[in-house]
Amino acid sequence: TTQSTPSHSNGSAAAMGKEKTDDDEPRLNPSAVRDLAQAISGCREILTQKQRGNGSEDDEPKVLAFMTGNAELAPSNVARINVYYQTGTVGTCRVLNGEVRETFQKRCSLEKLEAILKDPPNLISIGETLGRMDDIEDDEGSMVQSPDAPMNPDEDDENVIRKDIELTDIGLAILIGEAEKLNTHAKALRDSDPDEADAPPLPDLIGGAEDADGREYAYHLPAETISHIEDCLADSTRDPITCIATSGPGTVLLYKSGEWAYTSDIPKSLHRMLKYRKRALPAPAYVSLGRRGRFYVSFRDGSCDWNGPKELDDCLRRHAAHKTVASVAFGKKKYTFFVVYTDGSWEYHGDIPEGLEEKLTERGDLADLICVTLGPSGEWFLKAKNGRMWWGEVSEELDELMDELKEEGRIPCFVDFGEYGSYFVAHD
């Protein structure tokens, strides 16, 4: 056993078949949107950070922004148009009562967008006197019809219902637009400095499933990924799962047949690798996910690929000739990782959880590990070749689940952790 600071070492989809993914084509094609805007007089695009040269190559603007009108000739007609091209929501920003406000229209076509760019909708100021009173009292207390009220009551009711529908539609569009902004902001926080800024938790759901080999799965994942994950697990009733990796928002599943499945929010370079991998190439055998674009993937021919800190590069290349990787875990900080090899030996770098470090020391740094997994909030799971396992810093919910499984004689064989307290547990 050799030790150093901050490193420490000692002596768990489809390339061959169908590919499953939740990727969706944008409702509005960004190129078509730009072409349309360029053809409209007085409409100009507002450059994003990436277009100014301040963004990374992997950054893709989720919103295209345009300015219409002439601020010098007619300041009141100036508007900023935000095009959320993935969903087709279009936001119009104008100044009202000294404040910038944005209204939204959802599921827009190119034709609708063209109309908005040519004549952006005005904001409506709702005053205290705005209301509806079709009937008023006369001097004697009798109800009489207001002069402005329509003569046909049925027509009046129809107009009220139509206005209610329009208001509801506007409300939904505003919520959709705000959700898009929050998700973009949350991702920016995660990517900017995951060690200092934690994004707000997404709604999540708890579930379970069983595959064709009788292995069962329990999970707690963001609600937006659940339907896709359930479809993937349904496939496992015919094609057993051999590996699962999750980061919370992103999940990859590998199948015994050589197929694989993934959700869209996985590292971009891994996403491209899985999406465009040719069927003639060896299928993925193992994959691990971390925050900030980190991942490790190995293939059935023994080749592998990864994205991580330089220390991980050095570690994997140093042992490539005489050791085979069993698992790779990515910790809370960018430079923290833990590698386990098939012979039971292991090596780590960075600040691993204190409880895990103490357990390794307590066991005499034995080279008998099967796997180690780490979570973004300090969670950890350790399993040794004698069948024993330990975990720490997990949520109360997961701790109770693990105790339940143990009491019922069911054996957890793998646990992976993701953001916002999410997890995936495989057990026999």
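## Terms and model

A residue is called buried under 20% relative accessible area, exposed over 50%, and partly exposed in between, using a 1.4 Å probe and protein chains only. This is a predicted model, in which local features need pLDDT of at least 70 and side-chain atom pairs count only at pLDDT 80 or more, while totals for chains, interfaces and linings use all residues. Residues are numbered from 1 along each chain as its sequence is written, and side-chain values use heavy atoms, with hydrogens and water left out.

Helices (H or I, at least four residues) and strands (E, at least two) are DSSP runs, numbered from the N terminus. Two strands pair if DSSP finds at least two bridges between them.

## Salt bridges

A salt bridge is a side-chain nitrogen of Lys or Arg within 4 Å of a carboxyl oxygen of Asp or Glu. The structure holds 12 salt bridges. One of them joins the side chains of arginine 410 and glutamate 216, at 3.6 Å from N to O. This pair links distant parts of the chain, 194 residues apart: arginine 410 is in the loop between helix H8 (396-407) and strand E25 (412-417), and glutamate 216 is in strand E12 (residues 216-222). Arginine 410 is partly exposed, at 26% relative accessibility. Glutamate 216 is also partly exposed, with a relative accessible area of 25%.

A further salt bridge joins glutamate 347 and arginine 318, at 2.4 Å from N to O. Glutamate 347 belongs to strand E21 (residues 346-349) and arginine 318 to helix H6 (residues 310-319), distant parts of the chain that are 29 residues apart. Glutamate 347 is buried, at 7% relative accessible area, whereas arginine 318 is partly exposed at 45%. Lysine 333 and aspartate 351 also form a salt bridge, at 3.5 Å from N to O. Lysine 333 lies in the loop between strand E19 (325-330) and strand E20 (337-341), and aspartate 351 in the loop between E21 and helix H7 (354-362), so this pair ties together parts that are 18 residues apart in sequence. Lysine 333 is partly exposed at 41% relative accessibility, and aspartate 351 is exposed at 55%. Salt bridges that share partners join Glu216, Glu408 and Arg410 into one network.

Is strand E20 enclosed or open to the outside? Five of the five residues of E20 are buried, so the strand is largely enclosed by the rest of the structure. Both of its faces are covered, with Phe337, Val339 and Tyr341 on one side and Phe338 and Val340 on the other.

E19 and E20 run antiparallel and are joined by five bridges. Valine 328 stands opposite valine 339 in E20. The two strands E19 and E20 make a hairpin with six residues between them. E20 also pairs with E21 in the antiparallel sense, over four bridges. Here valine 340 stands opposite tryptophan 346 in E21. E20 and E21 form a hairpin with four residues between them, and glycine 344 in the turn has a positive phi of about 95°.

## A three-stranded sheet

An open sheet of three strands has the order E16-E17-E18, with antiparallel pairing. Strand E16 (284-289) and strand E18 (304-307) are at the edges, each with a single partner strand, so one side of each has no neighbour in the sheet. From one strand to the next the twist averages 5°. E16 pairs with strand E17 (residues 295-299) over five bridges in the antiparallel sense. Serine 298 in E17 is the bridge partner of tyrosine 286.

Helix H5 (residues 268-275) packs on the sheet and touches E16, E17 and E18; contact means heavy atoms within 4.5 Å. The direction of H5 makes about 25° with that of E17. Axes are lines fitted to C-alpha atoms, for helices over the stretch in contact, and angles run from 0 to 180 degrees between N-to-C directions.

## Lysine 383

Lysine 383 is in strand E23 (residues 380-384) and is buried, at 10% relative accessibility. Leaving out residues up to four places away in sequence, lysine 383 touches Leu369, Ile370, Cys371, Arg388, Met389, Ile411, Pro412 and Cys413. Lysine 383 and aspartate 368 are 15 residues apart in sequence and 8.9 Å apart in space, from C-alpha to C-alpha.
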